[in-house]
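Thank you all for coming; I would like to walk through one structure this morning, and I will take the sheet, then the helices, then the pocket. Please keep the picture in view while I talk.

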Amino acid sequence: MSFPTRYAVLLDGAFLLRKLRERTLPRCFPDSTDVEAVATVIAAHQCVAGLTRLRVYFYHAYPATGVLRNPISGVETDLACTDIRRQHQNLLKKLELLPDFALRLGNTSTNQWKLGDQALRSLLRSPRLIEAQDLVPNIEQKGVDLRIGLDIARLALSRSVQSIVAVTADSDFVPAFKFARREGLRVFLCHFDHPVKRELRAHTDDVIQVSMPAANSDDASAPPRAA
């Protein structure tokens, strides 16, 4: 009995959502259809065209909770009631119901406040006193990278797939890529032209060059699914 040649797509959620917002959705938060469109675009690439997709894994973290007091204005922010938490929750709820999608969720750690990216650029251009609106909650994901690395190792050892496509720009995954290739998997990287370290590219079999799909694209055909 022969089995289909399969591949899996591993989406670094924080990275992908940032790229979607930078390129196609600068004024709104990505929807599950935008994430699914990325997997569809990848499925059409020659590196995996004709293969059967086992599953798409989406790695992210639960939205942060807790109450923070701005050290300049003294105004409190309840993270559980913010738009960003609601947007992330809605996205995750939709993604977990998509066919052949699996969520791998870590946790978040809140470390008070930090300068926002826009405020930092503004201060570099024109130094001034820091204002309350320059600060944003300093939230870090915990356990997400570990889950990606473990899944890469599991897929390699179980021979569940013959190829993986990792959508990321994080060079921390180099050891996992090296392990997968030593175990016989083909490893493809998709970083949407985001700057990456040479080491990350060196330990992949190829870089998949695809364009970021249009926002909320409804006309793309679905890729083949696993039996």
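V9 stands opposite V56 in β2, and the strands here are runs of E in DSSP of at least two residues, just as helices are runs of H or I of at least four, both numbered from the N terminus. This is a predicted model, in which local features need pLDDT of at least 70 and side-chain atom pairs count only at pLDDT 80 or more, while totals for chains, interfaces and linings use all residues. Residues are numbered from 1 along each chain as its sequence is written, and side-chain values use heavy atoms, with hydrogens and water left out.

The open sheet has 7 strands in the order β6-β5-β2-β1-β7-β8-β9, with mixed pairing, and its edge strands, each pairing on one side only, are β6 (135–142) and β9 (206–207).

Now the helices. The axes of α5 (residues 144–158) and α6 (residues 174–182) come within 9 Å and cross at roughly 0°, where axes are lines fitted to C-alpha atoms over the stretch in contact, and angles run from 0 to 180 degrees between N-to-C directions. That makes α5 roughly parallel to α6, since angles under 35 degrees count as roughly parallel, over 145 as roughly antiparallel, 65 to 115 as roughly perpendicular and the rest as oblique. Contact means heavy atoms within 4.5 Å, and here G149, I152, A153, A156 and L157 of α5 make it with A176, F177, F179 and A180 of α6.

By comparison, how do the axes of α1 (residues 13–23) and α2 (residues 32–43) cross? They come within 11 Å and cross at roughly 100°, which makes α1 roughly perpendicular to α2.

Finally, the largest pocket holds about 1,600 Å³ of space. A pocket, on a 1 Å grid over the protein atoms alone, is an open set of points where a 1.4 Å probe fits, with protein on both sides within 12 Å along at least five of seven lines, and lining residues have an atom within 4 Å of a point; the volume is the space filled by probe spheres set on the points, which are joined across faces, edges and corners. Of its 37 lining residues, R21, I84, H88, K114 and I139 lie nearest the centre, and α1 gives the largest share of the lining, 6 residues.

Terms used: Pairing = 2+ DSSP bridges.
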